[in-house]
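Student: Could we go through this structure together? I would like to begin with one side chain and then widen the view.
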Amino acid sequence: LKELNSQGYEIVLVTSGAVGIGLQRLSLADLQNAQFELDGKACAAVGQSSLMALYDTLFSQLDVTSSQYLVTDTEFRDTSFRKQLSETVKSLLSLKVIPIFNENDAVSTRRAPYEDSSGIFWDNDSLAGLLAMELKADLLVMLSDVEGLYSGPPSDPNSKLIHTYIKEKHQCEITFGDKSRLGRGGMTAKVNAAVCAAYAGIPSVITSGYATDSIIKVLQGKCVGTLFHRDAHLWTLVKELGVREMAVTARKCSRQLQAMNSEDRRKILLDIADALEANESLIKIENEADISGLAKSIRVLADMEDPIARVLKRTELADGLILEKTSSPLGVLLVVFESRPDALVQIASLAIRTGNGLLLKGGKEAKRSNAILHKVITSAIPENIGEKLIGLVTSREDIPDLLKVIYGICHVYVDKSAKVDMAKQIVRDAKIDYPAACNAMVYSVPIGSQETLLLHKDLSSNGLLNELVSDLRHEGVTVYGGPRASSLLNIPETHSFHHEYSSMACTIEIVDDLGSMIKLTSVCSSHTDGIITENHEVAETFLHGVDSAAVFHNASTRFCDGARFGLGAEVGISTSRIHARGPVGVEGLLTNRWILRGSGQVVNGDKGVIYTHKDLPLQTPL
């Protein structure tokens, strides 16, 4: 405070401690219990003079003059008192005096100073907030014994420091620890005071009183403690979004983007180019770089040939069993880039052209430029895709969490138009041919591994549902049900949708339609998914709408194997997508998918399957 005072800052100090010092002066060792045995008002009266004497001594040694102000909330009900208070404080500040405020507990009218929360303010935290608003302060800083506001008790290793508090997001999510031992305050009181002040237009920060130069760092704009600001919900919502949620929503948006035709994706890029030019003056406020060249490069990119779903290779695996190798988006890109202002625009444009979701982490030197460019670009993304297609990561600490984000497993869907015998044959083969294999019938539901067979609701009326269950049980498979199937079929309900059996067991669930199935499987391992249907349109929607390394139509998932694909052998089945090296452009942001079209083929230990592995001419995908 001495350093800031000498730099011309006007400082008002609100302090606690009178009761604690009073107890100490009265030679009581057990402070926690003593506060209930003695009159708190008497302790405050004894401790107040000692507290102020301590401040006076410390400030005097630093050639700073301080003054004392004892107040009660009753006095703040008097408008003339408040006016006089403001005038006196302003006079003191003009003389470079530091006013020190404390609630006068010795004469407080509260019935129980440590329990009664009525009044205009009820602790020194709320007094600080009230004074900040009354004196129209530029900043309120509240010091704590921890770094700031955490998502839970600071002692909990799972709790994380919240850098920016967003009332709409955090007020129902935070678990507070114990309050102060010696007063009515605690972190809850600090948060309440900070929120009130922030919404009155006074930025507030809760930070550590133990850390070196924490107040100076706050004034320097460094990221310390927890910031409260009335506009925080407008400019930090993406920042505070959990990194896993950010990745999942980006992937969801990318699937919507992939489902668009090439012309619609092209239009998004053209709209972004227009938005950059329309917002040129706004962008230049944050960064004076010329962006007209960026808009031109985006339009060139928009006019390129559509790179998604191009057939790279066609192979006849066996009679009537055709395999296609196609180009496919990676899914969600995480790009950490340098502080060039054009990097964000180029990366975002490439991601959209290739149908990918995107998480960006730029250099802190270009933080403001990145924020405005991100805002302009996402504003041009259609609502049916969602602006969360592109997320902006602002903290380096989030990167390790993002690298841990993974997605769940594989699935098979039996459509209402499926042929009964074919469905029974494929389901039996997919589950029983080799139950422990990774391409066995692990036709699953949300995040995690789960062996689940998904069936259209109409199959219950034609008997296929019961036949499939009966066949699986006859082969020794233990059958569990999801919420709908267990009730309809009177089978045990699965204890979790996050369990991989890798044995003679599976779960069956019923879905309303293909859309419901794709939604359920949208968070999967991207391994192998299959559909059994005679409806060509449904099959093509599935083959191009499910985001997995291999997608099959009317064929057992057990065909997903390097040798059966004609690759010679395999070390495993990769669900990873990273492969590009050197300069990365459109081609480097695409990976491969395998689309297998059959007519009911099963593996059955490879009995009766004659593999031809014959190359076929390329043709435009349907």
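Student: Does Phe-59 count as buried or exposed, and at what relative accessibility?

Tutor: Phe-59 counts as buried, because its relative accessibility is 8%. Buried means under 20% relative accessible area, exposed over 50%, and partly exposed in between, with a 1.4 Å probe and protein chains only. Please note that this is a predicted model: local features need pLDDT of at least 70, side-chain atom pairs count only at pLDDT 80 or more, and totals for chains, interfaces and linings use all residues. Residues are numbered from 1 along each chain as its sequence is written, and side-chain values use heavy atoms, with hydrogens and water left out.

Student: How many aromatic pairs are there?

Tutor: Rings of Phe, Tyr and Trp (its six-membered ring) pair if their centres lie within 6.5 Å; planes under 30 degrees apart count as stacked, over 60 as edge-to-face and the rest as tilted. By this rule there are 6 aromatic pairs. One of them is the stacked pair of Tyr-55 and Phe-59, with 6.3 Å centre to centre and 20° between the planes.

Student: Where do Tyr-55 and Phe-59 lie?

Tutor: Both belong to helix α4 (residues 40–61), 4 residues apart, or about one turn of the helix. Helices (H or I, at least four residues) and strands (E, at least two) are DSSP runs, numbered from the N terminus. An α-helix has 3.6 residues a turn, so residues three or four places apart point the same way.

Student: Which residues form one aromatic cluster?

Tutor: Phe-552, Phe-565 and Trp-594 do.

Student: Changing topic, why is helix α2 described as largely enclosed?

Tutor: Helix α2 (residues 18–25) is largely enclosed by the rest of the structure because 6 of its 8 residues are buried. Those buried in α2 are Ala-18, Val-19, Gly-20, Ile-21, Gly-22 and Leu-23.

Student: And the chain overall: what percentage counts as buried?

Tutor: Of its 622 residues, 50% count as buried. The protein chain has 23 helices and 20 strands.

Student: What is the strand order in the open sheet of 4 strands?

Tutor: The order is β4-β6-β7-β5, with mixed pairing. Two strands pair if DSSP finds at least two bridges between them. The edge strands, each pairing on one side only, are β4 (140–144) and β5 (164–165).

Student: How many bridges join β4 to β6?

Tutor: There are 5, and β4 runs parallel to β6 (residues 204–208). Ser-144 stands opposite Ser-208 in β6.
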